[in-house]
Amino acid sequence: MKCKWEIGDCKCYRYTDDVSQYCLFHRKSKSEKEKKIITNILNGYIEANEYLWNKEDNIYDFRGIIFDQDVSLGRIEINNLNKKVPFDFSYSVFNKNIYFDDYRFYSNVLFVNTKFYQDVSFENCVFIRSCIFDKSEFLSSKSKSIFYMCKFLGQEFVFKNISNGVKFDGIRFSSNTKFILQNVEYSKERYIDARNAYRIAKNQSNIIGDYEESGKYYYEERVYNGKMILPRTNDKDKKHKYIVPKIMDLVSKYIVGYGEKPQNVLFFSFILISIFAYLYMMAGLRFNINVDCTMNYHRTIKYSFLELLSLDVKEFMSDYFQAWYFSIVTFTTVGYGDIIPINYHGKVLASIEMFLGVTVIATWTSTVVRKMSR
Ligand SMILES: [Zn+2]
């Protein structure tokens, strides 16, 4: 009879004649003898092939196994033939420490929905093919660098959908390995690890020439960098010093998306133009209308806050449209002269808008060029 264990598409390949209908690894209550077999496998006293090699799928199958003792992969006795097949650790749970140190993985390695409750370490490991971490959980709060001196030589190293991100310091890649870091979250005290993680991903994307991805990682790197700009609570004299960098960071983030989101600049321009249009209506504008090339009609508008309450909406919208047109003509520094401000207030506003316009349009141009020239 086959073992009853299954999660999602994963099914156990092992046969069992136990009353619980589960195999040795998946049954909940184990006898002392069974526990000893598992301990002996993990310590390398029994060759593991008979228990862990899945001939049907041709994988080394650790799926869904709950480990209640320390595991060191290097100690498990695996014959050389089986070392060359993929290792699958999906849905397995490591309640104690797990050490992959110095291990050389010849084929793909999967950690889908794997839970690491205690220490986990890949120090000095070599991954010759791809390695995927998806929805894995790193529940130990220790923030040591688990991939220290670890080497990835395969096509991909995927690290995605992870709520408690890890430190990647000391990790190494070949010059064509794609490092995919996606949807990984970090807690507040680990922002610096997050910043470094995205920086590593950015640099690796640049090395392999994936500039589109590099831009996304650069944005995330800047986001975490911005989050780290906080007042130093224990240093009262220097408390105000964080304000300027913080404002600069917020401006950079929301107006240009750290140079990665040109559409933000357009949206910001639209808002600015609309606000200025409204302010011009308050300050006063004169519409000159040319008929037969002579200026033979003009109309002056000047709204006040009180008037707004008892206004004809249609007339207001028509004037607002005219003011909006004047605003965009000023913003782009075109200046036709068919609509002009009538007083100092208006002129000061127009000057400010012209200056903002020049700056914002230059920003827009540079972000677009930056993105397009990749
Ligand atoms: Zn089973």
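## Domain organisation

Domain bounds in this report come from an automatic or database domain assignment. On that basis, the chain of this predicted model is divided into domain 1, covering residues 6-185, and domain 2, covering residues 262-372. The C-alpha centres of domain 1 and domain 2 are 63 Å apart.

A series of parallel pairings links β7 to β11, β11 to β15, β15 to β18 and β18 to β20. Strand β7 (residues 87-88) is joined to strand β11 (residues 109-112) by two bridges, and F87 has V109 of β11 as its bridge partner. Strand β11 is in turn joined to strand β15 (residues 131-134) by four bridges; here V112 stands opposite D134 of β15.

Strand β15 also pairs with strand β18 (residues 156-162), again in the parallel sense and over four bridges. Within this pairing, the bridge partner of I132 is V158 in β18. Strand β18 and strand β20 (residues 178-184) run parallel and are connected by six bridges, with I162 placed opposite V184 of β20.

## The four-stranded open sheet

An open sheet of four strands has the order β10-β14-β17-β19, with parallel pairing.

## The three-stranded open sheet

A further open sheet consists of three strands in the order β6-β9-β13, and the pairing is parallel here too. Strands β6 (71-72) and β13 (120-121) are the edge strands, each pairing on one side only.

Between strand β9 (residues 98-99) and β13, the parallel pairing comprises two bridges. Y99 stands opposite S121 of β13.

## Packing of helices α4 and α5

Helix α4 (residues 191-208) and helix α5 (residues 211-227) have axes that come within 8 Å and cross at roughly 160 degrees. Angles over 145 degrees count as roughly antiparallel, and α4 and α5 are therefore roughly antiparallel to each other. The crossing of α4 past α5 is left-handed.

On the α4 side, the contact is made by Y191, A194, R195, Y198, R199, A201, K202, S205 and N206. The α5 side contributes E213, S214, Y217, Y218, E220, E221, Y224, N225 and K227. By class, the residues of this contact comprise seven nonpolar, four polar and seven charged.

## Packing of helices α9 and α10

Helix α9 (residues 313-331) packs against helix α10 (residues 344-372) with the axes 8 Å apart and at an angle of about 55 degrees. The two helices, α9 and α10, are therefore oblique to each other.

In this contact, S327, T330 and F331 of α9 meet A350, E353, M354 and G357 of α10. The contact of α9 with α10 divides into three nonpolar, three polar and one charged residues.

Conventions:
Residues numbered from 1 in each chain as written. Predicted model: local features only at pLDDT ≥ 70, side-chain atom pairs only at ≥ 80, totals over all residues. Pairing = 2+ DSSP bridges. Axes fitted to C-alpha atoms, helices over the stretch in contact; angles between N-to-C directions. Parallel < 35°, antiparallel > 145°, perpendicular 65-115°, else oblique. Left-handed = near helix turned anticlockwise from the far one by under 90°. Contact = placed C-beta atoms within 7 Å. Nonpolar A, V, L, I, M, F, W, Y, C, P; charged D, E, K, R; others polar.
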